[in-house]
Amino acid sequence: MNTPAYRVRGLTFGYRPSRAVLKDLNFDLPAQAVTAVLGPNATGKSTLLHLLLGLWSAWEGSIHLLGKPLSAYTQAARSRLVALVPQREHVPFAFRVREYVLLGRSPYLGLLAQPTEDDQAQVEGVLRRLGIASLADRQVASLSGGEHQMVLVARALVQNAPVLLLDEPTAHLDLGNKRRILHLLRDLPAAGHTVVFTTHDPQAAAHVADYILMLRGGRLLFAGPPAEALTPARLSTLYDVPLQVTRFQGQTVIF
Amino acid sequence: MTRRGRRLLAGLSVGLALLAAGSLLWGRYPAPPGLTPWALWRDPLAWQLVWKLRLPRLLAALTTGGVLAVAGLTMQMVFRNPLVEPGFLGVSPGAAFGAALGILYLGASPWAVQLSATVFAFVGLGLTYGLARRLRYGGWILRMVLAGLAVSALLSAGLGLLKYLADPLTQLPEIVFWLLGGLWGTRWSNLLPVLLLSLPALALLWALRWRLNLLTLSENAAFALGAAPARERAGVLALAVVATAAVVSLAGMIGWVGLMVPHLARRLVGADARAALPTALVLGSGFTLLCDDLARGLVGGEIPLGILTSLLGAAAFLLLLSSAPKT
């Protein structure tokens, strides 16, 4: 394997003293691949994503991003390397999609700077690439769940960062939109992106992941390729119910 | 900014310039509705009147309205809440308490009242901030809002006490009149310090207008986009509050400009602060100047400016909310 996108050693973190949410995690995340962080609800998946973003600092242990400690990057440098697609976010004002996506250019603009024609052109380019150019003049608050998720991905792509972190990108979507997002994620490594997404749905992980982290109760249950991760024994332990796995037309099916 | 937004802003700016020119002539001297332009050349008293009274008052009205509207827009965006207004966070109640204190115990000279109002506007903000840091409940925004509510209530109680202690024949009417808001006492001497504080703050907020969009995002999204949300929000807020405290110390309580004008601006040109902030600036200045023209010229006496801005502002707000927004 090449240099991993992330190298995590002995990572322990919690929001309140003496109540650790994540305990002693050790793993490497492959570059230019799709990694799924899989686990039941409330098991620290989003917290892990926010730690990979650098939003919090670890109690113990280290996080290396592209061979360098995450804390050694400046805020500006880091925001050019790592983009976040948050869970559906409340927008209290009536921004239009093209204004909202333009915010993805912030890492390249100083505090007092204004975005240029070129920044706007990049926005239009990404909207076309994702097939959502027709949404450009819509208000963000009026979008459906699937459209909003696509717009959030567009904002992250406009950021031009090699690493993309997505927090439950398919959680509230119907089947069609879920597929659209997952296929989009699957195609991103070919464009040079490293993709890390959290999900509680093993089927979504089975569909697109090249690498799977299984989190349970704040501990790492398993890290490895899907063929080794998605076994009946491991999945049953992860979700605490008996689960079966079968293959159908080349796809992994969990039931 | 869209082409439509740019055209609208240009039109509003021309309208504001015409209104300002007209306001210098409008008044009750020598007789309503006011002066003719050539009277300025012929009548030295008219020139004195315009230079010493009407021009500083005009600038005060423009600055007051512009600051309140821009500070309102800024605070709404930073707090991610369209119902916030610039007097929020203990600023206005602090200024009111300070003014009353000045009237009661500092000899009631305009200078003393203005200084005391400014100082206590900052005291109000400082109390709010200090309290918010100590609260152990909710996120940063919620803590600031709760602390602001508590501090406002505290200062309002203090103001009530001062009113109770005031001489009902001389001091109480003066406090009440100050609280109703007005620019009748504006001279160059008390206007200049206000301009010195508020104009640089206003210029910086204007320069930060695109950044404001970023600060309306959630904490982690703004962080991921390279911002330091807590620090940047605090900085932007400080600018808005400094400018607000300065104009409130001169004009008293001027209601509804800071709440209504940002809504109107967003309705006209959209939420993007690159367009909404300059539009709010022009609209707020124009609206307040228009109200002040009515305040000083409509009847023989002076109508308190705060009454007119509240009356017209609330009416405009209701109209705005009852008409369907364009999507």
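Modeller: Pro92(A) counts as partly exposed because it has 15 C-beta neighbours inside 10 Å. The cut-offs are these: 20 or more other C-beta atoms within 10 Å make a residue buried, 12 or fewer make it exposed, and anything in between is partly exposed, with C-beta atoms placed from the backbone. This is a predicted model, in which local features need pLDDT of at least 70 and side-chain atom pairs count only at pLDDT 80 or more, while totals for chains, interfaces and linings use all residues. Residues are numbered from 1 along each chain as its sequence is written, and chains are lettered from A and ligands numbered from 1 in the order in which they are written.

Pro92(A) sits in the loop between β6 and α3 (97-102) of chain A. Helices (H or I, at least four residues) and strands (E, at least two) are DSSP runs, numbered from the N terminus. Which residues does Pro92(A) touch, leaving aside its neighbours within four places in sequence? They are Arg80(B), Asn81(B), Pro82(B) and Thr216(B). Contact here means C-beta atoms, placed from the backbone, within 7 Å. Within chain A, the C-alpha atoms of Pro92(A) and Val140(A) are separated by 9.7 Å. Those two residues are 48 apart along the chain.

Now the interface. 26 residues of chain A are in contact with 26 residues of chain B. On the chain A side, α1, α2 (75-81) and β6 each give two or more residues. The largest share, three residues, comes from α2(A). By type, that side divides into 15 nonpolar, eight polar and three charged residues. Nonpolar covers Ala, Val, Leu, Ile, Met, Phe, Trp, Tyr, Cys and Pro; charged covers Asp, Glu, Lys and Arg; the others, Gly among them, are polar.

Strands pair if DSSP finds at least two bridges between them. Strand β9 (residues 211-216) of chain A runs antiparallel to β10(A), joined by five bridges. Arg216(A) stands opposite Arg219(A) in β10(A).

Seven of the nine residues of α1(A) (residues 45-53) are buried, among them Leu48(A), Leu49(A) and Leu51(A). Just after α1(A), Gly54(A) takes a positive phi of about 95 degrees.

Finally, the whole chain. Chain A has nine helices and twelve strands. Its radius of gyration, taken over C-alpha atoms, is 18 Å, close to the 18 Å of the globule rule for 255 residues, so chain A is as compact as a globular protein of that length. That rule is 2.2 Å times the number of residues to the power 0.38. Of the 255 residues of chain A, 43% count as buried.

Technical notes:
Contact = placed C-beta atoms within 7 Å.
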